[in-house]
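Good morning, and thank you for joining this meeting.

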Amino acid sequence: SQRSQHKNVYKEYMRNPKKIRHKDKLIEVPSFADNLHFFFSYQIGHMYMRYFMWNFSGRQNDIQGHGEKTHGNWISGISFIDDARLGDQSMLPIDLQTNKANNTYFFLPLLLGLVGIYFQLIRNYKDGVIVISLFIMTGLAIVVYLNQYPYQPRERDYAYVASFYAFAIWIGLGVLGLYEWLKKIIDPKVTAIAVTSITLLLVPGVLAQQNWDDHDRSGRYNTLNIAKNYLNSCAPNAILFTNGDNDTFPLWYAQEVEGIRTDIKIVNLSLFNTDWYVDQMIRKSYEAEPIPLSIERDQYIQGTNDVAYFIDNPNVAKKGEFYNIKDIMKFFFSENTKTKYPLRDGSSMNYFPTKRVFLKVDADKVIANGTVAEKDRDLIVDKVKWKINETLVQKNNLMMMEMLATFDWDRPVYFAITTGSDAYLHLMEYFQLDGMAYRLVPIKSSGDFNKGTYGRINSDILYERLMETFKYDGINDPSLYFDEHHMRSIRNYRSNFARLADQLVDEGKNDKAIAVLDKCMETLPEVTVPYDYFMIPIAESYFKVGETNKASAIAQRMIEIYAHNLDFYFNSADSKSYINEKRNALFVVQEVSRISKTYQIENISTQAEEIFQIYYKRFNLENGGMR
């Protein structure tokens, strides 16, 4: 799914491409020089030397970088060097200026290590060659072996840690080298004390001082709290679909070690592509019942039905009609040759004859088991109809479809809000936001998901979750460190608070809305969770309930932040590379102008509009308008 992105990056490294004819088309392919350029610039420069310099020169911040000058670069702390490479670091966007992973060592560890290399080579070059071999084989050789592609899912500095250990040997030898050279002109005892003290202070001392705040984990229990909040978003005996390590490992810990909500069956969609994991899912674990599947193991064993294609067949499924997913799954898994799709080699495969399916709904049943509240009876649909708008699904989604065909609304089904739309099987119109998870409900939402999340809200349930059940310990503590991965989860809270407040206002429950908004501001203050787009709906809800001063304070602060950020984006040497950041910042300023004007806060509205117009004109000149 990322190959088109990879292709665009490869093109950026192609300076002298070769043109060849392929199937009557003239296409460009990288030359050997282009491949070398990619190897040295990206694979060595970006994916090794950058990490090396993090350890021995300094690090800009903890945001994963893909080559942009604002995220994850190495720095030194020496302004004229850093600013020449990356632009004025004092003018970075405000949220990056306060990043605790901004660590500067002024090249001191690097210089001491270089002294150590020189000293070892002149004293005992054979030992030096051995350490150099260790350094290369665990560094540059790993670069060649891994052959890394662009847009890695995470920073890969851990792959080269042995190489950094090897360099640390030279840092130690550098101390000895300084001593050996200085003792010739200064008393050896004085030299030993001085060199030891100075290097201890300037290298490990500086490293400790710079790194302590972003490596100290004491008092930080956000990972466990996130896991509890995911699990406590779910009704009893639920099935919770997650996706990947960060979503799942904390939940496993909470269940396995802390014994929290062991009635919930967690289904990791990344592992659900394997037969052994499906085997685990159809077994009971603790109090969690197996997931309901009606197929036998030979239908999902590895190598069987790993991929399922959608091929419209008007002879089987009429165009535009929806079919019971139970019947469609029986068709797919049938052994009847008439349900197979013939292939050119004479074999055949299982397939889906339509993308349009439905789940039947018994209104009395879903109310009786708590899937839908009695007050929402009139909203229940008789069929959950949706289109699986894909060419194919992998085994994980195939098993999910089989589960949906079998569960008959007997179990609550949830999707973690961080799994992403790829995992939702296009069911988002039937989601209900119950906290850190979406519940599948037989109520169709409007589809207006402009606050960053999907589905409808039952304000009673979400209020209870956010205000009474969830734990947020320490998120408002400025002494704690929350890296990029923590922030992704933490920002979901702000989005949920905003949506709940908006829903409460629509229901005329202003007192509850104010309590929710105040809780959000108390739990997620700017000092620990930098302001972002989701502060716009927070401010707007404050305006709606008459808390004008609180709303105006947020709006004014948003103007200050995004005016500064726009100044950086438009006046940087590589201004053209920030097109998305400019567009997003302009949108936020425009929204501040809109809500301020709506609630007649003329001074803020005028200020925001002036800033917007100045930079919007510049954006138009550069890009031909906002697209």
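Let me begin with a definition: helices here are DSSP runs of H or I that hold at least four residues, and they are numbered from the N terminus. Please keep in mind throughout that what you see is a predicted model.

I turn to the aromatic rings. A pair of such rings is described by the distance of the centres and the angle of the planes. With centres required to lie within 6.5 Å, the count comes to 50 aromatic pairs. One of them joins Phe415 and Tyr424 in an edge-to-face arrangement, with 5.9 Å centre to centre and 85° between the planes. Both Phe415 and Tyr424 are buried.

A stacked pair is formed by Phe612 and Tyr616, whose rings are 5.1 Å apart centre to centre, with 15° between the planes. How are these two residues placed along the chain? Phe612 and Tyr616 belong to helix H23, which covers residues 602-623, and because they are four residues apart there, about one helical turn separates them. Are the two partners buried or exposed? The cut-off for buried is under 20% relative accessible area. Phe612 has 5% relative accessibility and therefore counts as buried. Tyr616, at 25% relative accessibility, counts as partly exposed.

Rings also gather in a cluster. One aromatic cluster is made up of Tyr48, Tyr51, Phe52, Trp54, Phe56, Phe135, Tyr160, Phe164, Phe167 and Trp170.

Next come charges over rings. Arg85 places its charged end over the ring of Trp74, at 3.7 Å from the ring's centre. In a further case, Lys383 lies over the face of Phe358, 4.4 Å from the ring centre.

How many cavities of 30 Å³ or more does a search of the whole structure find? The search finds two. The largest cavity holds about 40 Å³ of space. Its lining includes Tyr42, His46, Met47, Arg50 and Tyr51, and Tyr51 is also one of the residues in the aromatic cluster. By class, four nonpolar, five polar and three charged residues line the largest cavity.

The second largest cavity has a volume of about 30 Å³. Among the residues that line this second cavity are Gly370, Thr371, Val372, Asp376, Arg439 and Ile461. Its lining divides into three nonpolar, four polar and three charged residues.

Thank you for your attention.

Definitions and conventions: Residues numbered from 1 in each chain as written. Predicted model: local features only at pLDDT ≥ 70, side-chain atom pairs only at ≥ 80, totals over all residues. Heavy atoms only, no water. Phe/Tyr/Trp six-rings, centres within 6.5 Å; stacked < 30°, edge-to-face > 60°. Buried < 20%, exposed > 50% of the residue type's maximum accessible area, 1.4 Å probe, protein only. Helix = DSSP H or I, 4+ residues; strand = E, 2+ residues; numbered from the N terminus. Lys NZ or Arg CZ within 6 Å of the ring centre and 35° of its normal. 1 Å grid on protein atoms, 1.4 Å probe; cavity = no way out; pocket = protein on both sides within 12 Å on 5 of 7 lines; lining within 4 Å. Points joined across faces, edges and corners; volume = space filled by probe spheres on them. Nonpolar A, V, L, I, M, F, W, Y, C, P; charged D, E, K, R; others polar.
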